Structure formats: C-alpha cells, structure tokens
Amino acid sequence: AIAAVLVIVFGGIFIYRSDLFLITNVQVEGTSHLTSQEISTVAGVPEDATLLRLDTAGIVKRLEGEAWVAHAEVHRVFPDRIVLSIEEHEAGAVVKITDKKTWVVSKDGVWLSAANADDWKSEMRIVDVSASLSAPVSGNDCGDGGIKNALSVLESISPELKDQIKSISAESSVKTSLNLKSGVTVAFGDSNDVELKEADIWGLLEKYEGKISYINVRVPANPTFRTL
C-alpha cells in the first residue's frame, strides 16, 4: 500500500514537472476590438508552460489589466490547448478632444484607447467638450461631467432617437446638446426626465417637420424652439 502511494505521489510530481501536456495552441474568443495576437501578447503564456503548470490567475490578472478587457477566463483543453475567453468593455462613444486627438470611452465612463478611423466612423461622437478636460489615460475613469452626462443620455434615450443623432455636444451636463442628422440642434441638458424630454422632441419634430432648427427641452415642462 505504501509503495503504491509512493508511486502515485512521485509519478504525479514527475508528470507535473515534465513537458507532458505542453501548451502548443492558444485560442482567443470573445474579442471584437482587440486582436487575438494582442490578447496573446498581454496574456504572456510562457513557452514552456504546460496545462498542469499554468498560472491561470496571473494570466487573468494581466488580461484584466488591459483597458479594453472587462472580464477574462482561462480554460484548459487537453491535451495541448488553452482558450482565453474575453469580455470586452462596450464602447460608449468616441470623444473629439482636439482636431487631432480622439479617444474611445466606454459606456461606463472609462477611457479605453486612442480612436482609429474606424472607431470615428462607427461609434457615437461626443464633441465640443470642456477645454479643461484632462488628458485621457487608458484604463482611467473619464471623470468629466459633460462626457459622463452624454453617455448617460445615450443609455437612456430610445434607439429610434439615438439613430437620429449625428453627434453630442458635451461641454457640461447643463450644456449637453444633441446634433441631429437632420440639422436640428436639441438642447437636452442633464439626463433627468428623459422620457418627457424625448416626448417633447418627437412632438415638435412631427408638428414642425422640415421647419424647425432648434429645440430646447432642458425644462421639459416648458420646451422652446426656433423655426427656419
């Protein structure tokens, strides 16, 4: 019995220290913004790692330290593969900081990365931000009241209204405005009373179709407007 136990123990140690189950395949799933190569580089799986000697906690920590990664999991697939399952932060908008600097911010107000041309074309645009806005740092909270209010408005309005927006001016929460694709500017204000404000917007756009240039719903009980 003792001999059998010793065989099992020393056999287990031998297998653990050996190159058995050497990892030769790293698979990445769940990404859309980051590439598989970028994820693999951040994960930093050692060349001599095996499925038995894999530091999964360290890999997860490194992956979740990347600004775009909200959650990461590592799955072993015997005999030689691991799967890195990634959940990315959702982009909330691209913020135009200067004419030459744009950054992607997540829906929950975290700076993700400098924007590329595709981001600028595909994501909602936040423009006219405060001149005192601090320089973005990847992974840090945005902290700007105007931008955060704009993100909150985007999360609260209907998909139909969101689809009509070309960009959002967000100098401050009070001065947040929706710039519609039709050319109409909507002074929206803070993200309170969204349903009432949206009802005012649709009502005025329908009543003065093609004849309105400006709507102010900061006080939804008393909306104002200008015609062309």
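**A cavity and a sheet**

Student: Hi! How many cavities of 30 Å³ or more are there?
Tutor: The count comes to one cavity of 30 Å³ or more. Keep in mind that this is a predicted model.

Student: How much space lies in the largest cavity?
Tutor: About 30 Å³.

Student: And which residues line the largest cavity?
Tutor: The lining is made up of G92, K107, L151, L154, E155 and K162. Three of the lining residues are charged, two are nonpolar and one is polar.

Student: Which helix gives the largest share of that lining?
Tutor: That would be helix α5, residues 145-156, with three residues.

Student: Okay, new topic. What order do the strands of the open sheet have?
Tutor: The nine strands run β6-β5-β4-β7-β8-β9-β10-β11-β12, and their pairing is mixed. At the edges sit β6 (111-114) and β12 (224-227), each pairing on one side only. From one strand to the next, the twist averages 25°.

Student: Which strands does α5 touch when it packs on the sheet?
Tutor: Helix α5 touches β4 (91-98), β5 (101-106), β6, β7 (125-127), β8 (165-170) and β9 (176-180). The direction of α5 makes about 145° with that of β8.

Student: In what sense do β10 and β11 pair?
Tutor: Strand β10 (residues 185-187) and strand β11 (residues 212-216) are parallel, paired over three bridges. For V186, the bridge partner in β11 is I215.

Student: Which strands does helix α7 touch?
Tutor: Helix α7, residues 194-207, packs on the sheet and touches β9, β10, β11 and β12. The direction of α7 makes about 160° with that of β11.

Conventions: Residues are numbered from 1 along each chain as its sequence is written. This is a predicted model: local features need pLDDT of at least 70, side-chain atom pairs count only at pLDDT 80 or more; totals for chains, interfaces and linings use all residues. Side-chain values use heavy atoms; hydrogens and water are left out. On a 1 Å grid over the protein atoms alone, a cavity is a set of points where a 1.4 Å probe fits but cannot get out, and a pocket is an open set with protein on both sides within 12 Å along at least five of seven lines; lining residues have an atom within 4 Å of a point. Grid points are joined across faces, edges and corners, and a volume is the space filled by probe spheres set on the points. Helices (H or I, at least four residues) and strands (E, at least two) are DSSP runs, numbered from the N terminus. Ala, Val, Leu, Ile, Met, Phe, Trp, Tyr, Cys and Pro count as nonpolar, Asp, Glu, Lys and Arg as charged, and the others, Gly among them, as polar. Two strands pair if DSSP finds at least two bridges between them. Axes are lines fitted to C-alpha atoms, for helices over the stretch in contact, and angles run from 0 to 180 degrees between N-to-C directions. Contact means heavy atoms within 4.5 Å.
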